Each structure stands twice: as C-alpha cells, then as structure tokens.
Amino acid sequence: MSWDAIVLGVGGMGSAALAHLAARGARVLGLEQFEPVHGLGSSHGNSRIIRCTYFLDSRYVTLAKRAYELWQDLEHFTGERLLTRSGGLMLGARDDDVVDGALRSAREHDLAHELLDADDLRRRFPAMSFRNGEWALYEPTAGYLRPEACIRAHLARAVAAGAEARFGVRVLAWEASADGVRIRTDAGESLEARKLVMTAGAWLGKITADLALPLRVERQVMHWFSPRSRAEEPALETLPIYIVDRDDGRAYGFPFVAGEGLKVAFYRSFEETDADSVNREVRPEEVEPVRKFLEGLIPGAAARYQRSKVCLYTLTPDEHFIIGTHPQQRNVVLAGGFSGHGFKFCSVVGEIVAQLALDGTTTYPIEFFSPQRFLAMKAGLERATRRP
Ligand SMILES: Cc1cc2nc3c(=O)[nH]c(=O)nc-3n(C[C@H](O)[C@H](O)[C@H](O)COP(=O)(O)OP(=O)(O)OC[C@H]3O[C@@H](n4cnc5c(N)ncnc54)[C@H](O)[C@@H]3O)c2cc1C
C-alpha cells in the first residue's frame, strides 16, 4: 500500500487532518483540486468567528475548548497570530435562542460570560447602537480566526512532519475494500491507501453520491465596509465580534481590520446552489440590506462599500456536522456538512479524523455527528411511505 491515508480535499478541515495524521507518523497524501488556500470553497474571506458558548447545542463546548488549545499550539509552531480574542456579543431579545442558548451553554460548562441589558451594552460599547429590550451574552474569550493563515499553518506543519500535498488534482472516483482504498484522479493516476479521509466541503455530496447524504449547498455573501474617515477606524478596531438576531435578520460581523474594513454578513441566504456552477457575481441588491443592517448596529461603519465575496455553506438538516466512519466502508472517514459553523473546529476535527483513521475510534464525544443518523432517517421515511 503506497500511503497510510489519503486526504481528499485540502481546505480548512483537510489541511488540519493532514497535519494531525502526519504528526502521528502516518504516511499521508493530500489531494486538492484547486491551488493551496483558494477562494472557491468555504474557508476564505479573512475571518471566522470562534467562541466557546454555543447556542445551537452545548455539546459543542467540549470540542470548542479543545479547538482553542490546538489553535494556540499551531500558533506556537508557526510564530504567527491566527486567533484574535476580541470578545464576542450574542445579541437579541432576552428569550432569543442566540442569547438564551449561549447563556445556557455558558452556565452548563462554567464559561466566563456576562449577561448585559441594553443600558449596560450602551455603556460598554458606545460605538454600537442597541434597541430597548435587547440583551447580550458577552463572552470575553470569543474572537476570530484568520482562515487563510490557519490553512497555511496546518499545511506547513503537515509538510514539516512528512506529509505530501498535491494541488490541481481532482479526485474523480474511489473504491474501497476490506484492505484499503483505490482512488482515481483527473491526472489519470490510480492511488492506493489504507484509509481515505473525505474532507471535500461543498463537494462531499458529489463524491459520496452512493450514500445520498441530505446535504444542501447554499451560496453565502460576505461584505466589507469602511467608515467615512480614517479618524473613525480606531474605535471600530476594538469592537467585539457579534452574532445578532433582529427583525431584519440574523447577521454576524467583525471589528474593523486595517486594509480590509469591517466584514459583515447575514447568517443564511436560503439560495441553494451547486459547488461547481455557483454564481460568484454579487448583485447590488444583495449589498443594500446588509449595509442598512450594519448602519443600524454600528452607525457610520458602513459609509463606504469595499467589496463582497461569495462563499459556500454545506448544510445538514439538523445543522450538526457529519463526522464518522462511512456506514458501509470501514476504511473511509467522512468529515463534512459543517453547516456554516465549522471553521473554529478545524483544529480539533483534524485530531478527531486522525484518530478515526488510525485507531478506528475517537476519544471525543461526537456520537451526534454520526453519518448513520441520516441513513436511519431515510430508512424510517421509506418505511413510512411504503404501501401495504
Ligand atoms: C460565509 C461563511 C461564513 C462562515 N463563518 C463561520 C464562522 O464565523 N465561524 C465558523 O466556525 N465557521 C464559519 N463558517 C463555516 C466554515 O468556514 C466551514 O464550515 C469550513 O470552512 C468548512 O471547511 P471544509 O474543509 O469542509 O471546506 P473547504 O475549506 O471548502 O475544503 C474542501 C476542499 O475540498 C476540495 N475538494 C472537493 N472535492 C474534491 C475532489 N473531488 N478532489 C480534490 N479536491 C476536492 C475543495 O476544492 C476544497 O478545497 C462560515 C462559512 C461561510 C461560507
């Protein structure tokens, strides 16, 4: 067998998987269809929120804590700052899940936090505009990662530990047996490995068509704005990251970064797309609602429009990830369906998939990510619709 493991897709998760597999001494090859650190998948656009409080489900907290440790470890390796702890606001009505769910997870896991009402918020964050009746969970250690730098760092660590990564190579097909896997690429090669780790992002559904995983690829647009004058920038550089639920939408954003501006986006577009044919042009009518939203939250911050960029979400029906061994092929590990909130976990997902590939099991509590849950769902649906 030529390789212990092949990693299919070297983006956010795949670069981390390569680094962890190589660190464990595995002979590992990464295959990526585009250039290193490209802007055509799900891991580009300068910033990704990282936080420990988790309004979606407090089961993510354990993983988030480990992710922080591993990002820090990676920073020590490269000597480059990957994570900025700006603090984070989860803002909405008091009973809104963004606030209440985050609070629940903070209390359950004893995480540092403050619960602030509109008056507290106005005092603490004078550059922002809060509505009467709004509350926020403030998490002091929340912040943002620099995704392109994170991928470069994981790749550097992987290569330093002996991994090989090939770019501009698309995997066309794979075949698994009891002994290992065989892969066919668009360069006409046939490659063999003991294990295959699939970290194909928005392409995962295509390369695992046999499983019919219920994955939905959504087109998302990120936007950057700047205030009118340089003098206004310093006050915006010290803002926290935020996730905000208001009647004009759920949005999230970042502090001002010199040379980039303030990045902001709506959380969902509900615009289903295909990873190979997605429209990467941004329409003017997509910019205006976001500009209005940002002006409402941080007056003056959206005075000048900078640019927009398209990115892809890969959503599962329950918005939980898919991480586990392929239900029918024990030599294949799946890691996908990160549903728009996966980047912060790349570091720990790399460790988890390395355990799954090399040990056949993981020490992390990830039962709720099992790919089996969708097969069980499909079987249930088939039973329910079967005629007598
Ligand atoms: C706009 C936006 C904002 C987000 N904000 C946040 C946030 O604030 N915090 C957070 O935690 N998460 C966030 N996310 C989610 C997070 O960025 C993703 O979950 C994460 O980047 C997914 O990483 P990935 O490795 O699965 O995908 P990718 O990084 O896209 O990697 C998949 C790779 O596989 C390659 N590939 C696919 N098929 C093949 C093939 N057949 N052969 C070879 N290569 C192949 C692709 O080219 C790609 O490079 C956001 C996502 C988007 C789109």
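Predicted model: local features only at pLDDT ≥ 70, side-chain atom pairs only at ≥ 80, totals over all residues.
Local features were considered at pLDDT of at least 70 and side-chain atom pairs only at pLDDT 80 or more, whereas totals for chains, interfaces and linings use all residues. Residues are numbered from 1 along each chain as its sequence is written, and side-chain values rest on heavy atoms, with hydrogens and water left out.

The ligand is surrounded by 33 residues, of which Glu32, His38, Ser43, Ile49 and Cys311 are the closest; a residue is counted here if one of its heavy atoms lies within 4 Å of the molecule. This shell divides into 16 nonpolar, 13 polar and 4 charged residues, and helix H1 (12-23), strand E2 (28-32), strand E3 and strand E17 (304-315) each supply at least two of its members, the largest share, 3 residues, coming from E17. Helices (H or I, at least four residues) and strands (E, at least two) are DSSP runs, numbered from the N terminus. Among the pairs of N or O atoms within 3.5 Å that define polar contacts, a polar side-chain atom of Ser43 lies 2.5 Å from an oxygen atom of the ligand, while a backbone N or O atom of Ser42 is found 2.9 Å from a ligand oxygen. Taken alone, the ligand exposes 1,000 Å², and the protein buries 97% of that area (Shrake-Rupley method, 1.4 Å probe).

Strand E3 also belongs to an open antiparallel sheet of 3 strands in the order E3-E8-E4, two strands being paired if DSSP finds at least two bridges between them. Strands E3 (48-50) and E4 (83-84) stand at the edges with a single partner strand each, so one side of each is left without a neighbour in the sheet. E4 is joined to E8 (residues 143-145) by 2 bridges, and Thr84 stands opposite Tyr144 in E8.

The count of salt bridges comes to 36, the criterion being a side-chain nitrogen of Lys or Arg within 4 Å of a carboxyl oxygen of Asp or Glu. In one of these, Glu260 pairs with Arg146 at a closest N to O separation of 2.7 Å, linking the loop between strands E15 (249-253) and E16 (262-266) to the loop between E8 and helix H5 (147-160), with the two residues 114 apart in the chain. Arg146 is partly exposed, at a relative accessible area of 23%, whereas Glu218 is buried at 0% (buried under 20%, exposed over 50%, partly exposed in between; 1.4 Å probe, protein chains only). Glu218 meets Arg268 in a salt bridge of 2.6 Å, N to O, and both residues belong to a network of salt bridges that also includes Arg216, Glu272 and Glu319.

Methods
Polar contact = N/O pair within 3.5 Å; in protein donor to acceptor, adjacent residues only side chain to side chain. Nonpolar A, V, L, I, M, F, W, Y, C, P; charged D, E, K, R; others polar.
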